[in-house]
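Please look through the sequence and the structure shown below before reading on. The report that follows takes up a few places in turn, each under its own heading.

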Amino acid sequence: MLNSVSSLRSPSCTTSHIGLPVLLVCAALVLPLFNAVFPPGHPLHLSLFVVNLVGQIMCFALLALALDFVWGLLGVLSLGHGIFFGIGGYVMGFHLLNAAYADTRVLPDFMQFMGWSTFPAALQPFAALPVAVLLGLLLAVFVGGVVGLAAFRSRINGVYFSIITQALTYALMLLLFNNDLGLGGNNGLTGFTLLAGFHLAHESTQVALASLSAVVLAGVFVLLRGLAVSGFGQAMVAVRDDEARLRFLGFRTDRIKLAAWCLSAAVAALAGMLYVPQVGIINPGIVSPTLSVEIAVWVAIGGRGTLTGAVLGAVVLSCLKFWLSAEIPSAWPFVLAGITLLITVALQHGLWGGLQKLRIWKAAS
Amino acid sequence: MSQTTALYINGLNVRFGGFAAITDLTLEIRYGETRALIGPNGAGKTTLMDVITGKTRPNSGEVFLDRTLDLSTRGEAEIARSGIGRKFQKPSVFEALPVAQNLELAVRRGLGWGEMVMSRLSVAQRERIEEVLVTIGLQEERQRKAAELSHGQKQWLEIGMLLVAEPKVLLLDEPVAGMTEAESERTIELIASLRSPARAIVVVEHDMEFVDRVADLVSVLHEGQLLGEGSMQAVRTNPKVIQVYLGR
């Protein structure tokens, strides 16, 4: 953990930290460029599947970034970031239902099954996209704020906090499974057609969404890194290393934790909002405890406390998962378990920490 | 209480379940003095520090800073900001941060969000950090991570983190525990240099030679009560003190 923070400030790796957002922005430009230049059928014309994959992975990386901000830097392990991802996703779902209804004038299937004849008034505030995005972020910050306020003020730390967040995820999933809630039960929300006037089924829309996800990831990365190297980041690291010491120096550590926590919740919600139009569905599976634990695994394997490591972990593991689940589906759990064990034993600072060591070793020899 | 009273503890009682950690303790500490708190384990020394700094709430009694500011109802951060700095028994520094950043962090307390994120330190704040680095003898180590410091250097750094905030009352819990002879000597000089008419220093320590050299007055605690108070010489010859503590 110590090394991971030293790499935050050591000048040797500043370039690579600028490198990641630059890389992401390039990817965001390359995607549409390739598909504009090369005609469909050309090997370099990326299929909708690949474009979608890239976009989804960007969302996962954003999610990992959100978790690393609070786990790696603040020392607060959340096993419930799926809650905020889900909040963002469902809110985007509400908006897309509105847009689809305005487009087709047909009520979504699940509403018809419930015997409803009109579009529910409760979902109408989400009709305008900017309002929906704002409401999604606010809702995530509000839920995060309530959980954080209660936990941090009562000084619930460490594994107890993690268990509470895990339990909350499970509770929210059970709630969403409930058909009477009017959010589609276990089928979730689907049947989306339009986003901001663009057809979701069109390749160009999906390319744009994947590019947007990469740009948002780059922007959030720059923002969070800026915070990490500021005085606020110093205070976060100090909370992680010795919260009592910081409190007795005169800091309201509960407020520092709450602010970082709420920001992380908002980032996770943003990831959910970008994710849903790319996969075309949102269901309670997204707030299953499994996904929330998976995020922590991405961050742990990528390397905690550097933000870059989190993005790396999410990208590498997601690619591996997509590839293996298609090729040899039964192998994935074993491969994942193997990687986790290997990292724990051999690379305690994760993949990124390992790369840094390799670089230092190369520079020295 | 007089004009020079820094800390006034009156009729303090602290119980943990059925155990009386502190019973009817009254203590006055004045500006300009260095006071030692001694007593066997379980005498209530650390509990007293916990109460003063807001970590433990007393069952009854009052703790005043500057005769009027009641500390017993305030939170830890607020008490620290009102001018009480506490060094813990176990060296508590932020190991992942370099020495200079440990001190910077201590300067940043009480800042608003905007200042915390955006501002660079002012010239006065930078100068203060330099001054403290010299005082604690860690100028050469400023860029080293706190984790790489020796045990003694960590103790000095922790004292430095308190000093940048110019505390009125400095509470030092076993500052020389685990130190080498040379480090103890250096710490005695450091504590002597921190004396000021605008500051009260309270030291908890088991090392009697150390206490004799740094303290003006010694308060002996035993089972949560004040057993005796006076100069080291007077305390040494106090029969009650000899019986429970020094005579063993």
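## A lysine in chain B

In this predicted model, Lys154(B) has its place in helix H6 of chain B, which covers residues 151-163. Because 21 C-beta neighbours lie inside 10 Å of Lys154(B), where 20 or more are needed, this residue counts as buried.

When residues up to four places away in sequence are left out, Lys154(B) touches Pro91(B), Val93(B), Ala146(B) and Leu149(B). Of these contacts, Pro91(B) is 63 residues away from Lys154(B) along the chain, although the C-alpha atoms of the two are separated by 6.1 Å.

## The contact between the chains

Chain B gives 24 residues to its contact with chain A, and chain A gives 20 residues in return. On the side of chain B, the elements that supply two or more residues are helix H2 (76-81), helix H3 (99-107) and helix H4 (113-118). Sorted by class, this side of chain B that touches chain A holds 12 nonpolar, four polar and eight charged residues.

## Two packed helices in chain A

Two packed helices are described by the angle between their axes and by the distance between the axes. In chain A, helix H4 (residues 81-104) and helix H7 (residues 158-177) pack at an angle of about 35°, and their axes are 8 Å apart. The residues that make this contact are Gly82(A), Ile83(A) and Gly86(A) from H4(A), together with Leu168(A), Thr169(A) and Leu172(A) from H7(A). By class, the residues in the contact of H4(A) with H7(A) comprise three nonpolar, three polar and no charged.

## Helix H3 of chain A

Helix H3 of chain A runs over residues 48-73, and its 26 residues should span 38 Å at 1.5 Å a residue, so the 36 Å between its end C-alpha atoms agrees with that expectation.

## Helix H9 of chain A

How far apart are the end C-alpha atoms of helix H9 of chain A? This helix, made of the 18 residues 231-248, has its end C-alpha atoms only 18 Å apart, short of the 26 Å that a straight helix would reach at 1.5 Å a residue. H9(A) also bends by about 120°, and the bend is at Asp242(A).

H9(A) is mostly covered, since 17 of its 18 residues are buried. Gly250(A), which follows H9(A), has a positive phi near 110°.

Terms used. Residues are numbered from 1 along each chain as its sequence is written. Chains are lettered from A and ligands numbered from 1 in the order in which they are written. This is a predicted model: local features need pLDDT of at least 70, side-chain atom pairs count only at pLDDT 80 or more; totals for chains, interfaces and linings use all residues. Axes are lines fitted to C-alpha atoms, for helices over the stretch in contact, and angles run from 0 to 180 degrees between N-to-C directions. Helices (H or I, at least four residues) and strands (E, at least two) are DSSP runs, numbered from the N terminus. Two residues are in contact if their C-beta atoms, placed from the backbone, lie within 7 Å. Ala, Val, Leu, Ile, Met, Phe, Trp, Tyr, Cys and Pro count as nonpolar, Asp, Glu, Lys and Arg as charged, and the others, Gly among them, as polar. The expected span of a helix is 1.5 Å times one less than its number of residues. The bend at a residue is the angle between axes fitted to the seven residues ending there and the seven starting there. A residue is buried if 20 or more other C-beta atoms lie within 10 Å of its own, exposed if 12 or fewer, and partly exposed in between; C-beta atoms are placed from the backbone.
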